[in-house]
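Biologist: I am new to this structure. Please show it, and then I will ask about the terms you use.

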Amino acid sequence: MPKIGNIGFVQKSIKENQFKIKKKFGQNFLTDASILKRIVDAAMLDKDTAVIEIGPGLGALTELLCEAAGFVLAYEIDQDLIPILNQNLKEYTNYKIVLEDILKADVLRDIALYFKEYKKIYVVANLPYYITTPILLGLLSKNLPIERYVMMMQLEVADRICGKPSTKDYNALSVWIEYRAKAIKICKVPRSVFVPAPNVDSAVVRLDVYEELPIKALDEELFSKLLRQCFVQRRKTLYNNLSLAYDKDKINKMLEDLGISPSVRAEVLSLDDFVRMSNYLTQN
Ligand code: SAM
């Protein structure tokens, strides 16, 4: 049984340390042992695996990660949490807490510093929701040697990440993620298991990053920009959205050459279609 991830311990830890919960840092502490176990089980950890945790909070997830993984490197932005974390995790020696904003951290440098002896590197986290997308885009676009991400996030973002063509959730983020990783929604999580309860429900998502991309965009920056442009106004046709940013004749010729109808909406296209358009624009 986890010591930290339960309602009694969380409340006691907050009270005894006179800790002030900071909304601005997205602090919603998990208090449900079965959800914590599902997150850790979904990560499939072993002692050869090093884990990066984002926002350890009071250490509820960190505790289970220390048990299951070889080493845990946790980035926490709130300095008031550092002494509490070290106290709560005093039985463990296989972790390092770094007081740093994950969006500013040099993760590649830290991987070289702390993870020398580990074969696999995963990210496992209950994310601060106010920066879910920047964290994901930041880490995934840097092509870090991270094989798997298991993350709790707001349900709406989880649905977008796992969105399939022709559904309301499918958008530029769905395609951008699908390009890099296989995404699976592990479970939905009600807001009631957090202290304090957030305004939204949550879900745990696992991303298994492709070792080799099944399909490759020649220019990944152009690919990202193209995706955003294709979905810039959901209700408009592909042609209308693209013609706002690219030369109209070029778009007409591209769509004709690739056999894509200009009157479709981006939401019906597949990853393959977007990569073909991107590579066409790179080469023509
Ligand atoms: N892992 C804990 C749990 O499951 O109970 C806490 C999760 S809470 C949703 C998010 C945590 O991320 C908080 O501890 C918060 O202080 C931390 N945090 C917020 N912004 C951060 C940032 N930019 N970099 C690192 N940590 C951050």
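Modeller: What follows is a set of questions on terms and values, with answers.

Modeller: This is a predicted model, in which local features need pLDDT of at least 70 and side-chain atom pairs pLDDT 80 or more, while totals for chains, interfaces and linings use all residues. Residues are numbered from 1 along each chain as its sequence is written, and side-chain values use heavy atoms, with hydrogens and water left out.

Biologist: What makes the protein as compact as a globular protein of its length?

Modeller: The secondary structure comes to 12 helices and nine strands, counted as DSSP runs (helices H or I, at least four residues; strands E, at least two). The radius of gyration is 21 Å, close to the 19 Å of the globule rule for 284 residues, so the protein is as compact as a globular protein of that length. The radius is taken over C-alpha atoms, and the rule is 2.2 Å times the number of residues to the power 0.38.

Biologist: Which residues come nearest to the ligand?

Modeller: Gly55, Glu76, Asp101, Asn126 and Tyr130 come nearest, out of 23 residues around the ligand. A residue counts as near if one of its heavy atoms lies within 4 Å.

Biologist: How much of the ligand does the protein cover?

Modeller: The protein covers 99% of the 600 Å² of accessible area that the ligand has on its own, by the Shrake-Rupley method with a 1.4 Å probe.

Biologist: Which elements give two or more residues to the shell around the ligand?

Modeller: These are strand S1 (29-30) and strand S3 (71-76).

Biologist: Where is Pro196 found?

Modeller: Pro196 is in the loop between strand S8 (194-195) and strand S9 (202-209). A cis peptide bond joins Val195 and Pro196, with omega about -15 degrees.
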